[in-house]
Amino acid sequence: MTTCTLYYSPGACSLAPHIVLEEIGAPYTLEKRQAGAQTAEPDFLALNPKGRVPALHGVPGRAGGADGLLTEVPAILAWLAFAHPEAGLLPADAAGRARAFEWTNWLTTALHTKAYGALWRPARFTADAALHPAIVEHGRANVRAGNAAIERILADGRAWAVPGGYGIVDPYLLVFWRWAGRIGEDLSALPAWSAHARRVLARPAVQRALVQEGITAP
């Protein structure tokens, strides 16, 4: 199998596929691109016209970027799990897989785009700077609503996001737990999610990825 290259930014959503690559144990390389300035440079845009991370090179096919480039966190996580079934990062049954994809799609749209996207990058929603404070405020409200939803789900006693075992959803949840701490949300008010995050953080693959990116847990 071709050695993949993950284009990432430290602590960004690319942390989730980075952790999964470590869990799988197959050879891969890392290319650091600071989100914003470095992802807007001509050489990166030639590779990935979306100008975003993560991007994983080494996946057969093409969809607008360089040949072999795969983008979007849910797609990258799914491909890694499908390509390495021995890692056991997706349930074996159809319902369990659907639940995993339900999680990854919701996290990407409701929490990443509508919540943190609005909070951190209001200019993506409108060029009218006068509206940016309201968008930021709405983004913060969406973050809190998303956090509460995650807490309710994890509070039913499950050890992992999809009952039955650790999988691709769990490191993705860690990304948003770290972000919640980064923006000053009270993580002690999210006990079930924080307990889940501690279980994820206890995994050696997760610790290796954090060290490689030079980041820590809140």
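In this briefing, contact means that heavy atoms lie within 4.5 Å. The model described here is predicted. The protein is divided into domain 1, residues 4-86, and domain 2, residues 90-203.

- The centres of domain 1 and domain 2, taken over C-alpha atoms, are separated by 20 Å.
- Contact between the domains involves 16 residues of domain 1 and 17 residues of domain 2.
- The size of an interface is often expressed as the accessible area that is lost when the parts come together.
- Between domain 1 and domain 2, an area of about 1400 Å² is buried, and carbon and sulfur atoms give 71% of this area.

- One salt bridge is found across the interface of domain 1 and domain 2.
- Arg203 forms a salt bridge with Glu23, and the closest N and O atoms of this pair are 2.8 Å apart.
- Three residue pairs are in polar contact between domain 1 and domain 2, counting pairs with both residues at pLDDT 80 or more.
- On the side of domain 1 that touches domain 2, helix H1 (15-24) and helix H3 (73-83) each supply at least two residues.
- Helix H3 gives the largest share of that side, namely six residues.
- By class, the side of domain 1 that touches domain 2 consists of 13 nonpolar, one polar and two charged residues.

- Thr39 is located in the loop between strand E2 (28-32) and helix H2 (42-47).
- Thr39 counts as buried because its relative accessibility is 5%, and the term buried applies to values under 20%.
- The side chain of Thr39 reaches two backbone atoms: the nitrogen of Gly36 at 3.0 Å, and the oxygen of Gly51 at 3.3 Å.
- When neighbours within four places in sequence are left aside, Thr39 is in contact with Arg33, Gln34, Phe44, Leu45, Gly51 and Val53.

**Helix H7 and what covers it**

- Helix H7 spans residues 191-201, and its buried residues are Ala192, Trp193, Ser194, His196, Ala197, Val200 and Leu201.
- An α-helix has 3.6 residues a turn, so residues three or four places apart point the same way.
- The buried residues of H7 are covered by elements that include helix H5 (132-154), helix H6 (169-182) and helix H8 (204-213).

How values were computed:
Residues are numbered from 1 along each chain as its sequence is written. This is a predicted model: local features need pLDDT of at least 70, side-chain atom pairs count only at pLDDT 80 or more; totals for chains, interfaces and linings use all residues. Side-chain values use heavy atoms; hydrogens and water are left out. Domain bounds come from an automatic or database domain assignment. Buried area is the accessible area (1.4 Å probe) that two parts lose on being put together, summed over both. A salt bridge is a side-chain nitrogen of Lys or Arg within 4 Å of a carboxyl oxygen of Asp or Glu. A polar contact is a pair of N or O atoms within 3.5 Å; within protein, one must be able to donate a hydrogen and the other to accept it, and residues adjacent in sequence count only if both atoms are side-chain atoms. Helices (H or I, at least four residues) and strands (E, at least two) are DSSP runs, numbered from the N terminus. Ala, Val, Leu, Ile, Met, Phe, Trp, Tyr, Cys and Pro count as nonpolar, Asp, Glu, Lys and Arg as charged, and the others, Gly among them, as polar. Buried means under 20% relative accessible area, exposed over 50%, partly exposed in between (1.4 Å probe, protein chains only).
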